[in-house]
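This report is for a reader new to the structure. Please look over the sequence and the model before reading on.

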Amino acid sequence: MLIKSLSLKNFQCYCGELDQNHFCFKNGLNLIIGNNGNGKSKVFDGFYWVLYDQIFDTDIRQFTPTSVYGEKLISDKVTRNCEVGDTATAEACLVVESSQGREYRLTRVFHCTKLSDTEWMKERSILLIEEKKTNRWTTSNETPDSVLNRVIPPHIKPYMWFQGEQVDGLMDLTQKSSLAKIIKLLSDINFYDELVEITHKGAEKSSKSLLKNQKSLSKNKEESDRLEKEFNDNLREIKNLEDDKKLANENYTNAQSKINDLLNKIDDAEEKQKLKIERANLEIKLKANEDSVIEKRKSFTSKMFHDYWILKFSKPSLEKFGRKYKEYFEKHQQIVNQNQQTSFKLPLNVPQPMHLHGMLESETCYVCNRKAEKGSDAYQHIEELVNRSSSVTKSPFECDCSEYYDHLYTKSIRFYQHIETTNERISEQFDTISSLEADILENKSRLDTINAELEGLLENDSSEDVVSEFRRAQSNVERFGAEQKDIENKLNRLSTNQEKIKKSLEKLTLGKVDLALVNAEKVFASLARIAKSTREEVYTQIVLELESKANKIFEEMTSSNMSFKGRIRLKRLDNGAYKAEIVDQEGYSVTGSNDSNIVLVKLALIMAILTARARWSDNFTLISDAPTSKMAHEYSTGFYKALSSNFSQSIVMTYDFIEPEDRAKFIMENKQNIGSIHILNSKYASGNMNDRTDLETSIEEVVL
Amino acid sequence: MRYDRNEILRSFLLSSALDKECALTNDELSDVDFSRDSKDILIESLKTLLIAHSSGDGEQACFKKVNVKIEEMSKSV
Amino acid sequence: MNLLKKRINSFRPKFLQSFEPIISRYAQYGGGSKEDKFNRGKAFANVYEFYIYAFFIGLAKNKSLELTSEDTAKDFWEIENWKPADLTEQLIICAIAESDFDMNAVESMDKDSLYKESTKVLSTIEKFANGGFMYIKQKVEESEEAAEDELLFVNLLEED
């Protein structure tokens, strides 16, 4: 719901009736401008008090219930004038409107009765909720919570109603979990997390049910029991390893983070930057080379088969087959010829009939290139060959294997050449790997040198403790990196074992396993994988959208300032969390950003979260007390512009635009986005500036 | 309903993991919604789970509903 | 199809049960993708791939181990299903070459006698394959480091 007005009666420094202390708000940016001590924060208190029955106690710097804050809530001027037995009353009245046009009036009333000069009897404050129906206010039938939660939902309230000094706490960029917490709170990622949990449990349950069923049908109960126990033991081991994995990832991330933090302490920015760039490039090259080596090694055993390396030593056997085949062929042909009662040495169809006819036509033997004139012995022989191939004779063999052997022989000789070059091809592969490995060693050595140089720079700038911390962090990165790999290998091996056990149990089953159980096991396992993957994809998408939106808002906020600003990047860490940082054009993390920049980044992120997904920025009011207190003036203008373009309604208490000329300029440039401007003025009624109870605050609405 | 289950179903259908696990083609997947039966056991189980969970069903109720769906579809094979 | 070819294609060569641990260590039962095989630490995508390798290693290192009727041996799949087909043919060619299978005599034999004669080819395949497995097993037992080396089988091929 959006806010139409706030009225205060005898509320803190706002002495007087509701209509004397009235703020009227519209869509767009609503500014409440006043100097320090003019009552700006009390307006923020007013909103808070109506909804939550709490006041921000500046003495202890925390929100305090009315029942504890007591009579301090009521205007000093009023309480000063009370006699013993008199009752003083404070009221705050908020009028809100829903997107469907329904208006509600929320009035909180607090009475205090003076018992003595120092003692007051406090009553519980009362909240009255009315709804406007046909232009008349009537008591609402809805429960208070139902209405209050629609004014501002509790889970987004911290990010939409905040004081400037709270921004740091809302978005602590040094905390990796800060962003995750907000995303979890303000998106539907919880649903996906819940589905991951449910499908994971479903997969475990259905797997166990299937095993149980298979066991009941087992032809070897003892073996099935043993396998089931091993399966369950493996499940426990897998769970422990997954916990270890999370810890190893966390430790690795922390160690990396530590290194970056320490390096950021180096003063020599240029040299540091140069080394960091070189290091980043080397790390990319190293990873690419390492991946290549892994790929090449993966392909080796495959090449043994598909590139026939495995035949390397088989040439003698192939040649032996060649000799055996020739022997076979001679004997085979003898039998064929005997059967045909000819002494032909040539096999049937050699030469082919078309060549034989050609020879007869040209009267020439193509084999020895001599004349075979018609009527000569040579001519007759050729004719007999033609006739031989056209006559049908019964095969002398039970099982003529000549075609099969011929096929094998042809295949075997095909490989001779290939085998000759096998050594060369194998060497080539090994050489490539050696070359990549040499590159890898060189890169690693250069990386060590760079790390040593960075360490040297650190040493120049910082104490010995910092340097030894740096070394410790480097060694931790290596240690935890190795731990991660080791855990991954163990998990892979266990996963293979589980598959083996399932197959073994399947083999032991006599009879038919319930198909529904088989399907349930497959379906839940698939759903578990899909849920996990989808969750990651959705989360990554949320983060990308957030980063893009935050940068857009950041750009809006900083457009009028030419000094270096950088860009917001949400960097994914090894432990799965995201860290917000400001980076330069090359994507390198920038340190030493001024406070203004950091505050803007935080506000940009908060605003991005509120506008990125669910339309909170359309349906609820952003209320902030002094959000620009840490910003340079040029940035604050940008901030208001971004606020007005991204939120349907915002109400900001500020000391910006105190000077009339600044105010006039701002109004002129942003008229269409401004909802209202109220100026707060304080005066001491009787002129005694030492008497706090004499202070009165007046509200002046600026005509736009 | 706690969440927009149509949007959630859409994000699952676009996921690369579902593409690998499911036998339906891309065209068939683009036709999947809560009103039509895709006849694919994985997709129908997913839909049942999303309906149950987005309606506020607890874990056990979700398992039960999905198992009933799987049993139904296993019988019809 | 030619009877001999059909007969050889139907062979289900065996390995000694005592080699099962080494086979399941390095071969992926039930097949699988190349990626799957590597991720699970398997050198061979299936048992027949390993069998083909073992045969050629046995042949190359002249290691043979004949199976007897008293041995407990297991078979797994018909040769006609082994891939790649042309490599499998080379295996058959080498087995025919190294056995005393009579290429001529089978052409005059009846079915039973042909089957019996062709068993010599099967025995030769099994002899060198099991010899190869024995050789691999020894190498693996000699050095755990070598056993874990992902290039073990390429290195064995390269060794003199």
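## A strand residue in chain A

Leaving aside neighbours within four places in sequence, A:Thr654 is in contact with A:Leu31, A:Ile33, A:Ala626 and A:Thr628. Two residues are in contact if their C-beta atoms, placed from the backbone, lie within 7 Å. A:Thr654 sits in strand E15 (residues 649–654) of chain A. Helices (H or I, at least four residues) and strands (E, at least two) are DSSP runs, numbered from the N terminus.

A:Thr654 counts as buried because it has 21 C-beta neighbours inside 10 Å. A residue is buried if 20 or more other C-beta atoms lie within 10 Å of its own, exposed if 12 or fewer, and partly exposed in between.

## Source of the model

This is a predicted model, in which local features need pLDDT of at least 70 and side-chain atom pairs count only at pLDDT 80 or more, while totals for chains, interfaces and linings use all residues. Residues are numbered from 1 along each chain as its sequence is written, and chains are lettered from A and ligands numbered from 1 in the order in which they are written.

## Nonpolar cores

The largest nonpolar core has 128 residues, and those with the most contacts inside it are A:Phe47, A:Leu94, A:Met160, A:Leu600, A:Ala604, A:Leu605 and A:Phe639. A nonpolar core is a set of buried Ala, Val, Leu, Ile, Met, Phe, Trp, Tyr and Cys residues joined through C-beta atoms within 7 Å. H17(A) gives the most to this core, with 17 residues. Another core, of 61 residues, lies apart from it and has A:Leu408, C:Phe15, C:Ile52 and C:Trp82 among its members.

Not counting residues up to four places away in sequence, A:Phe639 touches A:Met557, A:Leu600, A:Leu603, A:Thr628 and A:Met631.

## Chain C

Chain C has eight helices and two strands, in the order α-β-α-α-α-β-α-α-α-α along the sequence. Of its 160 residues, 42% are buried.

Helix H4 (residues 47–60) of chain C has 14 of its 14 residues buried, so it is largely enclosed by the rest of the structure. Just after H4(C), C:Asn62 takes a positive phi of about 55 degrees.

## Where chain A meets chain C

The contact takes 40 residues from chain A and 43 residues from chain C. On the chain A side, helix H10 (269–306), helix H11 (315–339), helix H14 (402–420) and helix H16 (464–508) each supply at least two residues. This side of chain A divides into 19 nonpolar, nine polar and 12 charged residues. Ala, Val, Leu, Ile, Met, Phe, Trp, Tyr, Cys and Pro count as nonpolar, Asp, Glu, Lys and Arg as charged, and the others, Gly among them, as polar.

H14(A) and helix H5 (residues 85–98) of chain C pack at an angle of about 105 degrees, with their axes 10 Å apart. H14(A) and H5(C) are therefore roughly perpendicular to each other (65 to 115 degrees). Axes are lines fitted to C-alpha atoms, for helices over the stretch in contact, and angles run from 0 to 180 degrees between N-to-C directions. A:Leu408, A:Lys411, A:Ser412 and A:Phe415 of H14(A) make the contact with C:Asp86, C:Glu89, C:Gln90, C:Ile92 and C:Ile93 of H5(C).

Definitions and conventions:
Angles under 35 degrees count as roughly parallel, over 145 as roughly antiparallel, 65 to 115 as roughly perpendicular and the rest as oblique.
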